[in-house]
Amino acid sequence: MHTYQLAVVTAGLSQPSSTRMLGDRLAEATRLALAAERPAEVRVIELRELAVDIAKNLVTGFPSPALADALDAVTKADALIAVTPIFTASYSGLFKSFFDVLDNTALTGKPVLIAATGGSARHSLALEHALRPLFSYLHATVVPTAVYAASEDWASTGASALSTRITRAAHGLAALLLHHPALTTVPTGTAEPANSAEDTKDFEDAKSFEDAKSFEVVPFAQQLAAIRPA
């Protein structure tokens with residue numbers, strides 16, 4: 001039986017970190033949600049420990065062995081849990097820099113659960129206006145339920161609500177894994193899939209654009225003068 005590989009990327013800067021705590025809880029909830037069907041192994045990647053390596057990769061183009069291992073783990077994982085603290089209404093620079101050095105095809109079709117932590121609940125919309133567009137751009141399959149944990153969510157009064165959100169998101173990720181396996185590159189010797197309707201439309205649009213370039217362009221002022229009464 002195939003064992004699912006779950007990668008957890010956390011960008012917390014402190015130690016201990018609420019961002020790491022949230023990542024651990026999401027990973028455990030996902031593992032439990034999958035347990036009835038398949039086992040899962042969890043690999044946690046602490047970006048705090050790779051900060052210097054990521055910065056060097058940005059300016060040199062070459063990852064260190066430790067960073068290369070982390071990038072490879074994310075690429076080969078069956079699913080990803082990505083957790084960042086919210087700074088200035090968006091993901092942290094360290095978080096974004098890691099995904100800047102990741103191959104831009106590594107997350108294609110991969111189920112991704114997004115989560116964030118912050119000091120106030122008013123920053124929770126960063127999940128929708130910053131994180132979700134980032135992973136959509138990378139062609140990941142993002143779990144509909146995202147999880148945001150503010151400082152008050154870790155207190156006893158907010159713990160139950162946070163646990164509910166974690167469980168809902170984890171089951172969403174498990175469902176994607178079980179029923180919609182991540183896309184992979186076409187194996188050697190396997191025919192490429194037929195063009196989709198969207199691909200065909202893109203081709204037709206491009207062809208129409210090429211045809212249109214052969215038309216004469218008439219300035220607007222000239223068109224306007226042609227319709228005015230003499």
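This text goes through a few loop residues and then the salt bridges of a predicted model.

The peptide bond that links Q15 to P16 is cis, with an omega of about 5 degrees.

A89 is not a glycine, yet its phi is positive, at about 65 degrees. Its place is the loop that runs between β3 (79-87) and β4 (90-91). With a relative accessibility of 37%, A89 counts as partly exposed, because that class covers values between the 20% limit for buried and the 50% limit for exposed. H139 is another residue that is not a glycine but has a positive phi, again of about 65 degrees. H139 sits in the loop between α5 and β6 (141-142). Its relative accessibility is 51%, so H139 counts as exposed; the cut-off for that class is over 50%.

The loop between β5 (111-118) and α5 (126-137) contains S120. Is S120 buried or exposed? At 18% relative accessibility, S120 counts as buried, since the buried class takes in values under 20%. The side chain of S120 makes a polar contact of 3.1 Å with the side chain of R122. Once neighbours within four places in sequence are set aside, the residues in contact with S120 are Y148 and A150. Both of these residue numbers fall within β7 (147-150).

The next topic is charged side chains. How many salt bridges does the structure hold? There are 8 salt bridges in the structure, and some of them are described here.

One of them joins R31 and E28, whose closest N and O atoms are 2.7 Å apart. The two residues belong to helix α1 and are 3 residues apart, so about one helical turn separates them. R31 is partly exposed, with a relative accessible area of 30%, and E28 is also partly exposed, at 36%.

Another salt bridge pairs D72 with K76, and here the closest N and O atoms are 3.3 Å apart. This pair lies in helix α3 (residues 65-76); D72 and K76 are 4 residues apart, which means a separation of about one helical turn. D72 is partly exposed, with a relative accessible area of 34%, whereas K76 is exposed, with 60%.

D153 is buried, with a relative accessible area of 13%, and R165 is partly exposed, with 22%.

Salt bridges can also share partners. In this structure, R20, D24 and E46 are joined into one network in that way.

Technical notes
Residues numbered from 1 in each chain as written. Predicted model: local features only at pLDDT ≥ 70, side-chain atom pairs only at ≥ 80, totals over all residues. Heavy atoms only, no water. Buried < 20%, exposed > 50% of the residue type's maximum accessible area, 1.4 Å probe, protein only. Polar contact = N/O pair within 3.5 Å; in protein donor to acceptor, adjacent residues only side chain to side chain. Contact = heavy atoms within 4.5 Å. Salt bridge = Lys/Arg side-chain N within 4 Å of Asp/Glu carboxyl O.
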